[in-house]
Structure formats: structure tokens, C-alpha cells
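Let's walk through this structure together, starting with the whole and then turning to one detail. Keep the 3D view open as you read.

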Amino acid sequence: MNVVVMITKNKIASFIEKIPPTPKILQETLALLSIGELTKAAKTAENDLALKAYLKNIVNKPIYGFKNEVSNISQIFGILGVSQSQQTVYNYMVTLLNPNEWLLFKLNSKLFYELQAQLSKKWDTVLSHLEIDNKDIHGAITLLPSSIIVSEALFKEKIDEVTLLRSTKALDYNTILTRLCGIGLFDICEQIANKWGMSTIVSQIIQASSGIKPSDDENINKLGKWMHLLLFYELSQPLFIKAGLNDFIDFQVDYVGDIYDEFSSLMGIE
Amino acid sequence: MKAVIKNGVAVFTPQGFLDGNNTSSFLELDDVEAAINLKADLILVSLKKVIFFNRNGLDTFIKLFSKIRKKNKAVVGFCDYDDNKYKAIKNFYKNEIYFSLFKTVEIAYLFSSSFKNQNKNILIYSSDNSQRSAMAIELHDNGHNPIIAQNEADFLAKKAKKSSYDYVIYSTYLGQMGQNIATRVTGNAIVYTVSGYLDVEIGNKFNIEYHNNSLNVGFRLFIFDAYKVKSMNVHALNFFSKLSSAGAEYNATICFAGMSFEKTQKEFRETLEDAGILFYNELDDILQNKELLKELGASSAANIQNKRVLNKKNVLELPRFIDAAVVTIEMMTNAKAIKESAEIHNLVIDDKTDKIASSIGYYGDIDGMVILVFPTKIAQKACELLIGESTDDLELILDTLAELVNIVGGNIKTLLSNDDIRVDITLPRTYQNIDDLLAVISNRKGVQVDLSFDGNKFLFFLTR
């Protein structure tokens, strides 16, 4: 009988252990960005060709609204400013966890980058609306899509079983994982944040954005609500629905009820 | 998007925002057909996790509903909404609502012919008289006790007496309903509700596979509740005669309750009686008469005339059946299974205390029945993933066990299809008492596999 149990705490521990620490170039780039040294940060970033290619790819997406192609890293950091540059470097770090081939979700690198870009730009709009200018809070959004990567990594070998289970009961991946192992997707995201030395506030916002672990801190909770609603606004886009992302975690409608009108007005939803 | 199917109701649950751009991505005809193939007779879109929708968004679903109706006659519509969403939908479509609206999915279950928990006291209110009546009729046909509130004041007064009702239905609207024959299980009798003119269509509407498998799993008494039948023609006569003859080898009895022969030839009754069919004035004449029930075979499911042997086809696929069960239980318990023994004999259960069981039949290219016997504690553990918490509520555990066995059945179907063996699965049946199970499968040989999960015994039995 060639069967193995579904998911164990050991498997989760092994996944977390395999997460690479922040590469040296990225560490230096982030350190320079954090003190506002955009030019020096750009010079350092130039040494990582994959990072360079990613930055060019992402900022030239239509949502960033540049008329001409931007290809120089100094130019990119200059246009984005400190907070958004840091956010984009974190986005790149998350892509380092991407699988070679997506099996659970119908995703590819291009579509994943698109999700990152959409979330990041709209998160900036939200923070601007809320009059929040904090580079750690700007960067918090980058960790959100890592929950998708974690789901892919943990469930890809059990697709048939999970599909059958989900045809019987409306269970999202976070609930299945929590019920099986007592640890949820967002707990794993928090561990990733810790491993990468991200600020504590990032972990707190991410946990609140799960919609099931509200924060005692009113401000953090408010940001968690906006992030939760923003995530489902994006996951309601046809491309991401077709990728199987719409129901990968549970949307907590009641949790975001009090900010919905403000959100819909900001996003121009009619 | 895949549907969750329970009690014959398939529910699609989109999350977030529904507008004209994205609804076709949520639900495609293939997804719906997959649900219909799994015997769903209601196809619903849940609005529980939807925070925004507009008319364009719903229109796409409604066009799809129309296609489903034309092709499969399934009941289609929306469920799980609050009063604001209900008002918005009614306002969008005003008098052009042919789809159904069920305030909750639990209310939708009540209208499903596959819902096994009948006999519920249900308070109904709608400002529309015809809706009130339509709901009452459908619920009555499905074996419930509908109580109609005549106006809003009456509704509020009745609703205040919470303990009097199992369910309260309001903000619900029945569009075109399905045309399947309602089926319900009362004790060990199966009651089919038929109505209108019975003609050649009865052959299409009646689920003969379900009936045959009910015979196979031990049901012996089948009652056609026919008080709403207007007349019957010769095609229907032949159908019922053949059905009765086919059931004779199982020693099964077919009865008609409430059938009026005012507009049907009187000779038909004699022909049907010659075929072994019995007639009673009312359903309760049978169901309330314990002596009669015993005589008709409904009190004992064990009386099997046709002892079928386990054949080579089934034995060859045995590893797949075991895999299907083991993979599912491993998934549910997150524990590894160890096979301890496998032998062919009658089902042997040494200690029947604190055990519950569930069975599911399969039919098609091959047929048979898988039975799982659990210590109650293991069943509890296995059901925790589905329930979300530990519970001692035996009714809930049995209900969830049925879902679990349904997953096993689905796994069997998938694993067999890898070998190009096509099968369908029956609804699962659960047994709170092991003696009831043994009565159903007495003297049937099968393959018994003893398994252990974390040191706890679990029994798998495959038979025909």
C-alpha cells in the first residue's frame, strides 16, 4: 500500500527549514533602503541579475502606469521611493519560494507577479487613503501571497485527496491545515517573516489579515481588515478565480463589514 | 469551481465580488454537469461569502441556470443570503424569477428528495399565497410537516414559539422545481412520492438504480405515496408490474397508498394486484401498523433471497478498494494505517459494543458494497476534520461518518476509473447498532480486512 499520511507538523517544519535566509545582496539592499540610500541600494541590487530582471518586470506592468519602459535600477528606486522600493525587494524575496511548477493552483510566475503587483499598488492606495506612511506597513502586503506558496508546497502531493475532501465539505486550505496540525497558513507566513527578519508589525498585520485572528491592537486590526478585503477583491478577478485562488482561504465577510463602504468607494466599485 | 454536494444539493460558494466580468469564471457548465453526475438535484450558488454583487453578475449565473434547467430539470437558484441580498435579488428580477431562493442551505436540504431527515415540523411564511402553498406541498411530499403562517402577524406569533418548530422558512422563493420522484426512508421502508398523470415518463423519472441498490442493501418494503396521482396509463401499469416482479426475487413488497382509481381503469388495479402490489387507502395505514410492517418485511432487512457471491472482478480490484478507504481515513485522522489481516468469510465482529458502521454501494461495470466498522472513538477522531471540533453528539458523528464514507466512495470511483472501470456510488448508510448491519448482510461472504490506526482497530468489509 503506497500511501502516506496527509500533512504532519514535521512536514511543515521541514518546509520552514528549507526556506533560504535572506541572500546577502538583498540584506545589503534592504539595509541601504532602510536608511534612505537609494543610489547605493540600486548599485548593490545591480549585482543580483534575477532581482534586476524582477524589478524591471514588475514596475513596467500597466498598473504602475509608466509611459516609457523603465530599465535602470537607480531610476526604478528613484521613482518608487524608499517604501515602495523596499516593498518590491520583499516581493522579489517571496518569489524565491515559488515552486518550479505549480500543481495545486493553475499559476505561473507571470500570473503570480501580476498578483503581487496588483496587491502592492492597491495596498499603497489604501495606505495613502488611511494616511499611513510606514515602510514596514508598506512591506507587509508582500508576505500575503506567500500563503499561496505555502498551500502549494504543502498540499501539492495530496491534490486528489484534498479535492475529494473539499467536494464533501467547504473547507479551505487554512482550516484543513489547522485542523490537521494545529498550525495555520498565516502562522507559517509569520515564521517566514521572522526568518527574514521582517518587522514584528508585518507578522501582526498578516495574522490579522487572515480574518480569523483579529488583533487586540485596534490599528493593526484595521489594517488586517483592509488587507483581507483587498485580497478578496483581487481574488475575485477572473484570472485568479481560474487559477483556483478564490477559495483557497475563507473570506470573512463579517470581519470587513465596517470598512466595506469606504473600501468600495476608494476602489470605485459600483 | 467545484461544488460541495450534500443531501442531493450541490452548492457553489464564490467569495468576494460578483460582477459581469467574473461570474463566468466562477461557474462553468462542466462544473455543474460534474455535480449533476453526482446525483445533485438542486444546483445552488451560495451568496454567504459574497460581499458585493450586481445584476450583471447574477445574470451570468441565471443564463447558466437556464441551460441546466433545459438539460437536466434540476432545481437551480441561490442560497445563504441575508434580507438585504434577498430584497436586492427580488428587486432585480421582480416577476421574472424562475429560479429558486433558499435563505440557507439547510432550508434547501428540506426540499431535496435525497434529504434523509424527514418528519420535521416546519413553519412557512411568504407574503405570496401561492408560494406558501407551493412550499407546503413540496415539503409534505418530502415527508415533512409544514405549518403555514397566514400573514405576518400570524408568522411572528408562531415564530415566537421556537421550540415548536425544527425549521422556520421565510425569505425563500420556489421557482421551477425538479421533476424527480421524491424518495424518503421511513424506518426500513422506502417511500416514493408520485403525482399527476403516470405515463411512459415514469421510466425516466424513477431512479431504478437507486431502487435496485436499495434492494441490494436490504430494503424490502417500497411504498408509492400516490394520493396526488390523477390517472395511470398502460405504460405506467407495465412499469409497476415489472418493478414488482423484479423485486420478487428479493422477497420485496411494493405498495400503493392513497391511489384513487376514479380516472384510471379499475382493471388496472387487478392487474397490479396480480403482480403482487398491495393497495392501502393511506400511508399511515401501513406506517403506523407495526404488525403489518413486520408482515411486509420492513421490520427486518435481513430477508435476502438472492445471496450473491463476491466475484473475481471485485477481488481483483480489492487493493484499490482498501486504498480508497485507507487513504481517506489516513487523511481524516492524519495517522498511518497498518493492515493486520485479510480473509474471506462472513463479517465477523468480535466485540459489538461501542462500534458504529457505515456502508456504501457501487454499481456499473462492477457492483458491490463497502462496509466500514469503527470503534466510536475512532469515528469521532476521523470526523473531527470535517466537524472542526471534538464531539460526543452521536447523531452528528453518524451524519459526518456518512460524509466520510461518501469520500471513500468517491475515491473508489476515481481509483477504478484509472483502470477504465466506470461505477456510480449510492448514498451512504450508517448503522448506530452493529446488529442492524449484521442483519442486512447476514450470510454474505466477503473480504474482511482488519486495519489498525495508532493501535486502534478498524474493519473494512467488501461484499456483494
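What share of the accessible surface of chain B belongs to carbon and sulfur atoms? In this predicted model, that share is 46% of an accessible surface of about 20,200 Å².

The C-alpha trace spans about 65 × 60 × 45 Å along its principal axes. The radius of gyration of chain B is 23 Å, which agrees with the value near 23 Å that a compact globule of 464 residues would have. Inside that outline, chain B holds 18 helices and 22 strands, and 54% of its 464 residues are buried. If you look at contacts in chain B with a separation of 6 or more, 74% of them come from residues 24 or more positions apart.

Chain B carries 53 positive and 57 negative charges, and their mean positions lie 3 Å apart.

Now let's turn to chain A and its helix H1, which runs over residues 9-18. Ile12(A), Phe15(A) and Ile16(A) are buried there. Because these three cover an arc of only 95 degrees around the axis, they sit on the same side of H1(A). The background is helix geometry: an α-helix has 3.6 residues a turn, so residues three or four places apart point the same way.

What do the buried residues of H1(A) pack against? Their partners in chain A are helix H8 (146-155), helix H10 (173-181) and helix H11 (185-195). On the face turned away from the buried side, H1(A) carries the exposed residues Asn10(A), Glu17(A) and Lys18(A).

Key. Residues are numbered from 1 along each chain as its sequence is written. Chains are lettered from A and ligands numbered from 1 in the order in which they are written. This is a predicted model: local features need pLDDT of at least 70, side-chain atom pairs count only at pLDDT 80 or more; totals for chains, interfaces and linings use all residues. Side-chain values use heavy atoms; hydrogens and water are left out. Helices (H or I, at least four residues) and strands (E, at least two) are DSSP runs, numbered from the N terminus. The radius of gyration is taken over C-alpha atoms; the globule rule is 2.2 Å times the number of residues to the power 0.38. Buried means under 20% relative accessible area, exposed over 50%, partly exposed in between (1.4 Å probe, protein chains only). Contact means heavy atoms within 4.5 Å. Accessible areas come from the Shrake-Rupley method with a 1.4 Å probe; for residues, only the protein chains shown count as cover. Lys and Arg count as positive and Asp and Glu as negative; His and the chain ends are not counted. The place of a charge is taken as NZ of Lys, CZ of Arg, CG of Asp or CD of Glu. The arc is that of the directions from the helix axis to the C-beta atoms.
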